[in-house]
Amino acid sequence: MIVIAIGANLPGPAGSPRENCEAALRSLAAAGVTITRRSRWYRSPPWPSSDQPWYVNGVALADTRQGPAELLATLHAVEARFGRVRSPDTVNAARPLDLDLIDYDGLVREAAPPILPHPRLEARAFVLRPLADIAPDWRHPKSGRGVKDLVDHLPPDAIAEPLD
């Protein structure tokens with residue numbers, strides 16, 4: 001199972017943040033990434049806390065012949081087409097699109113990009129709650145913990161509210 005997190009908190013070429021997220025899924029399909037399932041959309045505050053707009057977030061399950069590094073490059077190329085600029089100065093900046101590779105068939109990689117599973121996955125309600133919607137049996141590849149357990153142990157301030 002390949003898990004991709006989708007988010008945006010700025011308008012972009014497709015319109016609103018939500019419209020950008022939906023259009024990104026179509027762009028991924030055109031780039032050889034088949035989306036097999038998508039969660040409903042959630043809203044979450046920016047992290048770290050700031051005056052940025054709240055995010056629209058979701059998770060998609062995907063299938064592709066691309067390996068992890070090629071898939072990450074595809075995700076970054078799609079982000080760039082939507083106006084995302086990556087630089088050390090913009091790590092937590094507002095963005096019209098954010099695509100993260102969360103899990104690639106349970107692969108564990110600690111050094112080579114991409115690091116898998118995503119290193120901050122366990123603290124991200126905006127990834128775990130949508131993932132629980134569409135893959136309730138998913139288990140963290142390193143810890144073996146189930147997604148429900150991870151959701152149940154999120155900090156109280158970890159907010160992700162369904163939009164639909």
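The legends below describe close-up views of a predicted model. Residues are numbered from 1 along each chain as its sequence is written, and side-chain values use heavy atoms, with hydrogens and water left out. Because the model is predicted, local features need pLDDT of at least 70 and side-chain atom pairs count only at pLDDT 80 or more, while totals for chains, interfaces and linings use all residues.

**View 1. Strand β1 and its two antiparallel partners.** Helices (H or I, at least four residues) and strands (E, at least two) are DSSP runs, numbered from the N terminus. Strand β1 runs antiparallel to β4, to which 7 bridges join it, and also pairs in the antiparallel sense with β5 over 6 bridges; two strands are taken to pair if DSSP finds at least two bridges between them. The bridge partner of I2 in β4 is A62, whereas the bridge partner of I6 in β5 is L99. In a regular strand the side chains alternate between the two faces of the sheet. From β1, I2, I4, I6 and A8 point one way and V3, A5 and G7 the other way, and all are buried, where buried means under 20% relative accessible area, exposed over 50% and partly exposed in between (1.4 Å probe, protein chains only). Since 7 of the 7 residues of β1 are buried, this strand is largely enclosed by the rest of the structure.

View 2. I2 lies in β1 and counts as buried because its relative accessibility is 2%. Leaving aside neighbours within four places in sequence, I2 is in contact (heavy atoms within 4.5 Å) with A60, L61, A62, D63, T64, L71, L101, D103, Y104 and D105.

View 3. N57 lies in β4, which spans residues 55–63, and at 5% relative accessibility N57 counts as buried. Apart from neighbours within four places in sequence, N57 is in contact with I6, G7, R40, W41, Y42, S44 and F126.

**View 4. The largest nonpolar core.** A nonpolar core is a set of buried Ala, Val, Leu, Ile, Met, Phe, Trp, Tyr and Cys residues joined through side-chain atoms within 4.5 Å. Of the 23 residues in the largest core, I4, I6 and L101 touch the most other members. At least two residues of this core are supplied by each of β1 (2–8), α1 (17–30), β4, α2 (68–81) and β5 (98–104), and the largest share, 5 residues, comes from α1. Not counting residues up to four places away in sequence, L101 touches I2, V3, I4, P68, L71, L75, P114, L116 and H118. A second, separate core of 20 residues includes Y42, L61, L121 and L128.

**View 5. Residues lining the largest pocket.** The lining comprises 41 residues, of which W47, N92, R120, R124 and F126 lie nearest the centre of the pocket. On a 1 Å grid over the protein atoms alone, a pocket is an open set of points with protein on both sides within 12 Å along at least five of seven lines, as distinct from a cavity, where a 1.4 Å probe fits but cannot get out; lining residues have an atom within 4 Å of a point. β1, β4, α2, β5 and α3 (125–134) each supply at least two lining residues, and the largest share, 4 residues, comes from β5.
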